[in-house]
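Me: I am new to this structure and would like to go through it step by step. Could we begin with the terms?
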Amino acid sequence: MPPLVILALGALGTAALVKVLGREARRVNAELDAQRRAEKAGTLDPRATLRRDPATGEYRPGDS
């Protein structure tokens, strides 16, 4: 009986992992699709460079 319990827990863990990875893949693809649509619409400069903000340390699009 214990091997059956271990296999069942492994199957549940695997199913949960697949669900989380699928959700993350959909989120990343949605962000990439939004980026591509913005580039096609011309609202983004595809050659924009990033510059470091000295106050926060974050990188932001710079004026080129």
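Reply: Helices (H or I, at least four residues) and strands (E, at least two) are DSSP runs, numbered from the N terminus. V5 lies in helix α1. This is a predicted model, in which local features need pLDDT of at least 70, side-chain atom pairs count only at pLDDT 80 or more, and totals for chains, interfaces and linings use all residues. Residues are numbered from 1 along each chain as its sequence is written, and side-chain values use heavy atoms, with hydrogens and water left out.

Me: What is the average pLDDT of the protein chain?
Reply: The average is 89, and 92% of the residues score at least 70; pLDDT is the predictor's confidence in each residue, from 0 to 100.

Me: Where is confidence lowest, and where highest?
Reply: Strand β2 (residues 59-61) is lowest, at a mean of 85, while helix α1 (residues 2-41) is highest, at 94.

Me: What comes just after α1?
Reply: G42 follows, with a positive phi of about 85°.

Me: New topic: where is R51?
Reply: R51 belongs to strand β1 (residues 50-52). With a relative accessible area of 45%, R51 is partly exposed.

Me: And how many residues separate R51 and G62 in sequence?
Reply: They are 11 residues apart in sequence, and their C-alpha atoms are 5.3 Å apart in space.

Methods. Buried < 20%, exposed > 50% of the residue type's maximum accessible area, 1.4 Å probe, protein only.
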